[in-house]
Amino acid sequence: MSFTAQVKDELSRIDGACDQCAYAELSAIMRVCGTLSFHGNGRYSIRVSTETGAVARSMIKFAHELFDLETPLTVRRSNLHKSRNYLIEIPEQARLEEALVRLGIIEPGCGLAPGIPTMLLERPCCRAAFLRGAFMAGGFIADPRGDFHLEVALSGEGLAHGVARLIGEQGMVARLNRRRGSLVLYLKSFDEIVRLLRVMGAERSATAVEGVRRMKSLKNDINRRVNAEIANQARSTGAAADQLALIDEAERLIGMRALPPALRELCSMRRAHPGISLAALGELFSPPVSKQALYHRVLRLQALVDEARAPRP
């Protein structure tokens with residue numbers, strides 16, 4: 001099961017906080033993935049098509065419980081995509097026009113209602129229920145192990161801007177994009193995605209996303225530390241190689257016996273331990289010598305070599 005399907009399954013099992021929440025959620029599902037047909041003289045029918053069983057389950061449950069509507073269901077299987085498609089047809093029936101008015105989908109004598117049904121969204125819980133229904137009907141969320149991305153595909157400017165406004169009221173900014181004839185609201189911020197999941201009631205999914213983010217953060221921190229250690233090791237190895245080359249040149253130009261005792265000791269220890277850092281090398285001296293003190297010895301050796309290189313008058 002995809003992560004989107006897991007989230008929608010969780011959302012489909014949430015009960016609204018008040019009696020009006022179910023109306024708001026059903027209204028959103030019908031508006032987002034339903035097709036309304038007008039047959040004249042107050043006669044309508046609706047067709048809802050979805051690939052998500054949770055959406056079909058919620059749609060049928062609410063239609064029966066709230067309005068006692070007939071909802072024939074057809075399940076079709078795609079051999080190409082190995083997926084199911086649920087087709088719910090609500091045929092012409094006496095209670096359908098009343099239901100559509102109650103859900104804010106049509107206005108008597110005016111046809112399809114624009115925007116979102118504000119009369120259903122007076123309470124915060126009902127606004128959350130509408131967002132829940134909209135996401136169930138047209139939403140997608142990427143597997144958090146990859147990118148953080150959540151979107152809702154909507155049809156109609158009024159509906160898209162209305163849903164964006166509801167999301168904005170929760171402190172998030174949903175960006176709007178056009179894609180293949182639809183309007184898509186999307187969030188890419190981790191914090192906003194988690195907040196929207198919690199607003200809709202998907203607490204388990206929000207916690208799962210947070211867990212993945214913590215794991216990503218831990219892996220990134222480990223990678224940074226490993227990369228820094230590799231870089232430090234590379235610098236230490238390069239510095240040690242430069243010091244060995246300097247020691248060889250000092251032996252050739254000056255001779256080991258002509259060097260001061262402290263520098264002879266440095267040359268001997270470096271040759272004995274060519275691959276370690278200057279700080280680690282200092283720990284092997286008796287008594288130990290600090291990294292800074294050894295660095296000054298290297299500078300003194302470099303100065304003697306430079307002096308030996310200089311042409312004599």
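These legends go with several close-up views of one predicted protein model. Because the model is predicted, local features need pLDDT of at least 70 and side-chain atom pairs count only at pLDDT 80 or more, while totals for chains, interfaces and linings use all residues. Residues are numbered from 1 along each chain as its sequence is written, and side-chain values use heavy atoms, with hydrogens and water left out.

**View 1. Two domains, one protein.**
Domain 1 covers 3-201 and domain 2 covers 233-309, with bounds that come from an automatic or database domain assignment. Their C-alpha centres sit 73 Å apart.

**View 2. A look inside the largest cavity.**
On a 1 Å grid over the protein atoms alone, a cavity is a set of points where a 1.4 Å probe fits but cannot get out, and lining residues have an atom within 4 Å of a point. The count is one cavity of 30 Å³ or more. The largest cavity has a volume of about 40 Å³, where volume is the space filled by probe spheres set on the points, and grid points are joined across faces, edges and corners. Its lining is made of Leu131, Ala134, Phe135, Val152, Val163, Ile167, Leu196 and Met200. Two or more of these residues come from each of α5 (124-138), α6 (157-169) and α7 (190-200); the largest share, three residues, belongs to α5. Helices like these are DSSP runs of H or I with at least four residues, strands are runs of E with at least two, and both are numbered from the N terminus.

**View 3. Helix α6 and what covers it.**
Buried here (under 20% relative accessible area, 1.4 Å probe, protein chains only) are Leu159, Ala160, Gly162, Val163, Ala164, Leu166 and Ile167. Among the elements covering them are α2 (21-33), β8 (150-154) and β9 (175-179). Just past α6, glycine 171 takes a positive phi of about 90°.

**View 4. Helix α3 and the residue after it.**
Helix α3 (residues 53-67) has 15 residues that should span 21 Å, which agrees with the 21 Å between its end C-alpha atoms. Its buried residues include Ala54, Met59, Ile60 and Phe67. Next comes aspartate 68, with a positive phi near 55°.

**View 5. Threonine 207 on helix α8.**
Threonine 207 belongs to helix α8 (residues 203-253). With a relative accessible area of 38%, threonine 207 is partly exposed, a label for values between buried and exposed, the latter being over 50%.

Notes. On a 1 Å grid over the protein atoms alone, a cavity is a set of points where a 1.4 Å probe fits but cannot get out, and a pocket is an open set with protein on both sides within 12 Å along at least five of seven lines; lining residues have an atom within 4 Å of a point. Contact means heavy atoms within 4.5 Å. The expected span of a helix is 1.5 Å times one less than its number of residues.
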